[in-house]
Amino acid sequence: MTLLNVENLSKEFGGVHAISDLTFTINPGTIHSIIGPNGAGKTTLFNLITGVYTPSTGRVLFKDQPVTGLRPNELAARGMSRTFQNLQIFMNMTALENVLVGRHLHLNTGILPSLFRWPSIGRGDRAAAALAKDLMAFVGLEKYIGWDADAMPYGALKRLEIARALAAEPKLLLLDEPAAGLNATESREIDEVIKKVAAQGVTVVLVEHDMKMVMEISDHILVLDYGRKLTEGTPAEVRQNPDVIAAYLGQVG
Amino acid sequence: MRSVLSSRWAGLLLLAVVIALLPLALKNNFQFDIAVRIGFNAIVVIGLNLLIGYAGQISLGHAGFLGLAAYFSAITVTRYGWPPLVSLLAAAALVGLLAFIIARPVLRLKGHYLAMATLGLGIIISIVLNQEAGLTGGPDGMAVDAFTIGSFKLVKAREWYWLVGALLWLAVWLSLNLIDSPVGRALRAVHGSEVAAEVVGVDTTRYKVMVFVISAVFASVVGSLQAHYVAFISPQQAGFFQSVEWVIMVVLGGMASTYGAVIGAAILTALPQVLTALEDYEHMIFGLIMMLVMILLPKGIVPSLGALLRRVSSKAEGGK
């Protein structure tokens with residue numbers, strides 16, 4: 001069984017083919033990386049898979065169900081969550097509250113129970129706060145539990161996004177450049193977090209420029225260039241591929 | 001969590017004490033009248049603060065909702081003899097339904113465009129109230145019967161004070177409850193980042209519509225009561241300037257602060273009355289005070305003072 005099938009997916013922006021006729025699958029329980037030069041369409045692909053954009057043509061199957069055109073919140077309810085290349089943190093909330101929003105799907109969100117604060121709301125929130133603290137510790141943010149999000153450093157916010165996404169208990173987690181802008185030490189720490197997430201049975205799809213990280217942790221790599229699939233395979237296969245080398249280093253000769 | 005809980009009840013207790021003791025300081029009918037008007041404005045602004053301060057949306061048309069409810073109550077009670085309470089509830093249901101129908105298309109807009117759309121909504125309602133003279137009395141307005149519950153009749157400002165005080169307390173309680181819940185966090189998340197809220201499962205459209213309806217219903221309840229209290233209504237109450245004044249109250253008191261909404265409403269309602277002693281300089285001083293507050297306390301009165309208090313207390317603890 002596959003977790004995600006992308007079939008003949010295309011997206012045009014006013015005549016520009018950001019993604020062209022792309023087909024690939026993602027198997028459950030793997031770390032799957034998507035790489036390619038800047039402008040190859042990696043983030044567009046993420047936005048298409050997670051419902052932020054609607055494809056021009058083609059379709060996406062999640063757990064063998066067609067999900068093309070569903071909104072991000074509907075996909076989240078089916079077990080898909082993500083992080084963003086340019087941080088999307090709720091800067092008007094504390095770090096812990098950011099993670100608590102990630103529990104949204106698992107809490108009582110009735111209007112009347114909330115307005116009149118039925119006891120179940122308080123109970124649910126206390127349990128959710130305990131879990132959110134555990135998740136913050138899991139990604140290495142225990143010292144930031146009481147902080148306001150807008151006071152936290154960039155590297156910590158990157159991890160806060162992962163904790164928030166994990167709080168939704170996704171089957172498929174898409175990470176858009178989790179190591180971008182981080183130094184080597186921070187990068188390695190994110191590395192460890194991703195491995196731990198995968199070890200818990202969450203399928204991870206990764207867009208990343210840090211080749212060392214990609215080659216080290218990926219089970220499978222998809223290479224994009226100009227919105228098309230250049231090649232895919234294991235890290236060893238991709239590393240040997242002359243097309244990949246050409247795309248990254250420029251044509252030789 | 002426990003400290004949040006206890007600080008919540010401390011605030012609510014303090015508010016109850018203030019409402020209970022304030023009449024001791026009020027000397028005459030005029031002062032009671034101001035207190036009642038503060039209460040009315042505060043309830044509307046608490047609702048509007050949920051929409052503007054917490055969910056990050058804007059409405060320049062809420063006076064339209066207040067006006068519709070005021071006229072609905074005035075007409076059904078005065079002309080057709082409905083019990084005022086039934087009229088109030090029916091108005092709230094109708095205004096809520098109207099807000100629900102309008103919210104979906106309007107709240108797809110953001111920022112300035114949303115401001116324009118809600119402004120248009122308010123103006124349409126105001127024009128209808130002016131033009132439908134046969135039903136509403138047109139620009140001349142219409143007289144409204146007193147508010148009665150059974151055989152009990154509310155007339156004096158002193159009597160109204162307790163009803164409005166109780167409702168204000170209720171509005172604060174509901175607002176605090178809502179904010180301190182998964183729904184409240186979802187609303188704030190919509191403000192923080194809509195796309196991030198959606199990818200963890202928050203149906204942002206649902207929450208925007210919901211908070212729009214709640215704030216409209218708050219305005220509706222006040223509209224019905226205010227019509228009876230003032231015993232007269234005119235289209236002016238549903239006008240653009242009233243909507244703007246409430247938005248100013250939200251911003252002045254402090255966005256995303258329920259008590260800020262109350263403080264903002266209290267200051268902006270009472271200040272013009274206090275400044276009348278200055279006669280010609282009234283509007284100038286009023287404007288000056290507003291500018292100074294926003295420059296010195298840019299996040300609004302309550303959040304800015306709260307942050308100041310936290311800084312002072314953390315400095316005091318810093319020695320440890």
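**Reading helices, a sheet and a chain contact**

Tutor: Helices H5 and H6 of chain A cross in the right-handed sense. Keep in mind that this is a predicted model.

Student: At what angle do the axes of H5(A) and H6(A) cross, and within what distance do they come?

Tutor: A pair of packed helices is described by two quantities, the angle between the axes and the distance between them. In this case helix H5 (residues 119-138) and helix H6 (residues 154-167) of chain A have axes that come within 9 Å and cross at roughly 135°. That angle makes H5(A) oblique to H6(A).

Student: Which residues make the contact of H5(A) with H6(A)?

Tutor: H5(A) contributes A:Ala132, A:Leu135 and A:Met136, while H6(A) contributes A:Ala163, A:Leu166 and A:Ala167. By class this contact has 6 nonpolar residues, no polar and no charged.

Student: Now the sheet. In what order do the strands of the open sheet in chain A stand?

Tutor: Strands in a sheet pair through backbone hydrogen bonds, and the pairing is either parallel or antiparallel. Here 6 strands form an open sheet of chain A in the order S6-S7-S8-S3-S9-S10, and the pairing is mixed.

Student: Why is one side of S6 and of S10 of chain A left without a neighbour in the sheet?

Tutor: Strand S6 (80-82) and strand S10 (228-233) of chain A are at the edges and have a single partner strand each, so one side of each has no neighbour in the sheet. On average, neighbouring strands of this sheet are turned by 20° against each other, direction ignored.

Student: In which sense do S6(A) and S7(A) pair?

Tutor: S6(A) pairs with strand S7 (residues 172-176) of chain A in the parallel sense, over 3 bridges. One bridge links A:Arg82 to A:Leu174 in S7(A). Helix H7 (residues 184-199) of chain A packs on the sheet, where it touches S3 (31-35), S7 and S8 (203-207) of chain A, and its direction makes about 150° with that of S8(A).

Student: How many residues does each chain give to the contact between A and B?

Tutor: The size of an interface is often given as the accessible area lost when the parts come together. Here I use residue counts: 26 residues from chain B and 36 residues from chain A. On the chain B side, the elements giving two or more residues are H7 (157-179), H8 (182-192) and H9 (194-199) of chain B. H8(B) gives the most, with 9 residues. This side of chain B has 15 nonpolar, 7 polar and 4 charged residues.

Student: How many C-beta neighbours does B:Ala166 have inside 10 Å?

Tutor: B:Ala166, in helix H7 of chain B, has 13 such neighbours and counts as partly exposed. Its C-alpha atom is 8.3 Å from that of B:Ile19, 147 residues apart along the chain.

Conventions. Residues numbered from 1 in each chain as written. Chains lettered and ligands numbered in written order. Predicted model: local features only at pLDDT ≥ 70, side-chain atom pairs only at ≥ 80, totals over all residues. Contact = placed C-beta atoms within 7 Å. Helix = DSSP H or I, 4+ residues; strand = E, 2+ residues; numbered from the N terminus. Nonpolar A, V, L, I, M, F, W, Y, C, P; charged D, E, K, R; others polar. Pairing = 2+ DSSP bridges. Axes fitted to C-alpha atoms, helices over the stretch in contact; angles between N-to-C directions. Parallel < 35°, antiparallel > 145°, perpendicular 65-115°, else oblique. Left-handed = near helix turned anticlockwise from the far one by under 90°. Buried ≥ 20, exposed ≤ 12 C-beta atoms within 10 Å, placed from the backbone.
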